[in-house]
Amino acid sequence: TDDDEESEDNITEDNADASENELQKIFEKKAFVVNSKKLEQSPHWVKVSDIFRTDEDAPFLQRAGIKEFSDPNYSKYSKRLARVRSIRKYIYRMDVLERALSYDEVTQIFVRVNSLGTKLRSSDLALAQITAKWRGALVQFQNFQEECSAKGFNLDMGLHLKNLISFCTGQSRFLTVSSQSSEKLKAAWSDAIAGMEFAINFLKSNLGIESPALLASPYLLIMIGFHAHRRNFEIDSSESKLLRQWALLANAKGRYSRGSSETLLDQDLAVIRGGKGASELIERLRSQVGRLEIVPEELEGRNQNSALFKTMFIAFKEKGAKDWSSNLAISLDHNGSIHKLQFHHIFPKATLKERFSSRESDDISNLAFIGGRTNRKISDKLPKEYLTSLMGTHLEQMQAQCIPKDSHLLELEVYKDFLNARRKAIAERLNEFLSTDVI
């Protein structure tokens, strides 16, 4: 069916955070990567030290789901393990450092050596420098990372480090890590934790954003926390509304997805360091994107990977959108395949592909949010077949997701007219949600 099994897209999976995408790319390249708790959960990632401890492949293959010799991955995975073991035959050059060298000097050598060849991420190098100065820092970072994950915000370690540096130095680049003392880093980490906790609470309670999957960039968390901390977490009603509006607009417009994200983040941090607030952040965003209001043409051709698609979900949820059968409010947190949220093609892709491009069929104006069971029940029916009856029993739910009431627009022959009509309704709903009367 159009939206079933492999074709059925789950919003929490399709909009995975950047760190997961990066890990997947690394897996595809069969590259070495520094260990992390997230990696250890993957059955296809193996510790190099474990491979060296034994010549048996069975434990690794079984964990990866290989049960028979006839499995097509048996030979491929065995050869990869053999290639790793062959490293023991490689002749390495070893430079022994003098014992008199300090931890800071050793760290600087490590960073310089790793600046060539296959580079580590800047956050990995920063972590090496920080832990050399501050013993036990990694455990503290990992513990807080787990706390955030328990709240539904599973964030990459690199983001927590960037948050730390932002609070420590007022800017986000890791180049200044080596010049920071352990005392300053410890004090900044305490502030960074408080800022991140506020940011997560603000997103959930004030914006209706319950997962980082709904963020165009996690840098929004850093900015919200930094802004609140600079005001000693004393924010009046007016400033809170402006901060909410900036965050929603920045998320919808992809503030940190245009140009150099670090440069843009540093510009915003400088605004707050200078004693200014959310209204100045809004003006800086306006200077970047021009028009803050969402126009229907801005939605054309956008798909489920768009920041506007995520904003559309948040706006529909705030309007009270529910599943068309169970009446469960749409949410990323539903359990079970029956109720787990999926995005549904109102006009099925299987029908559209013969007459329209993939870009047109995946247009966000053809997407709605419903549960898995409802999606499977609708299958590849045309909207004329199922929406007409739903309009009579679930009109409020149709309106919450901007489904046009005109039955004529549910005909395949006028699909583009349907897109135009719903696109206009979505733009109006987004502007209402983004409080464009303030801007």
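This is a predicted model: local features need pLDDT of at least 70, side-chain atom pairs count only at pLDDT 80 or more; totals for chains, interfaces and linings use all residues.
Residues are numbered from 1 along each chain as its sequence is written, and side-chain values use heavy atoms, leaving out hydrogens and water.

Student: What makes up the chain in terms of helices and strands?
Tutor: The protein chain has 23 helices and two strands. These are DSSP runs numbered from the N terminus, H or I of at least four residues for helices and E of at least two for strands.

Student: Why are helix 12 and helix 14 called roughly parallel?
Tutor: Helix 12 (residues 219–230) and helix 14 (residues 261–273) pack at an angle of about 15°, with axes 10 Å apart. Angles under 35 degrees count as roughly parallel, over 145 as roughly antiparallel, 65 to 115 as roughly perpendicular and the rest as oblique. Therefore helix 12 and helix 14 are roughly parallel. Their crossing is right-handed.

Student: Which residues of helix 12 meet helix 14?
Tutor: They are Tyr219, Ile222, Met223, Phe226, His227 and Arg230. Their partners in helix 14 include Leu265, Leu269 and Ile272. Contact here means heavy atoms within 4.5 Å. By class, the residues of this contact divide into seven nonpolar, two polar and four charged.

Student: And why is helix 12 called roughly antiparallel to helix 13?
Tutor: Helix 12 and helix 13 (residues 237–253) pack at an angle of about 165°, with their axes 11 Å apart. That angle makes helix 12 roughly antiparallel to helix 13. From helix 12 come Leu220, Met223, Ile224 and His227, and among those of helix 13 are Leu243, Trp246 and Ala250. This contact has seven nonpolar, two polar and one charged residues.

Student: How do you know that strand 1 and strand 2 pair?
Tutor: Two strands pair if DSSP finds at least two bridges between them. Five bridges join strand 1 (residues 341–345) to strand 2, and the strands run antiparallel. For example, His344 has Ala368 of strand 2 as its bridge partner.

Student: What makes strand 2 mostly covered?
Tutor: In strand 2 (residues 367–371), five of its five residues are buried. Leu367, Phe369 and Gly371 point one way, Ala368 and Ile370 the other, and all are buried.

Terms used: Axes are lines fitted to C-alpha atoms, for helices over the stretch in contact, and angles run from 0 to 180 degrees between N-to-C directions. A crossing is left-handed if the near helix is turned anticlockwise from the far one by less than a right angle, and right-handed if clockwise. Ala, Val, Leu, Ile, Met, Phe, Trp, Tyr, Cys and Pro count as nonpolar, Asp, Glu, Lys and Arg as charged, and the others, Gly among them, as polar. Buried means under 20% relative accessible area, exposed over 50%, partly exposed in between (1.4 Å probe, protein chains only).
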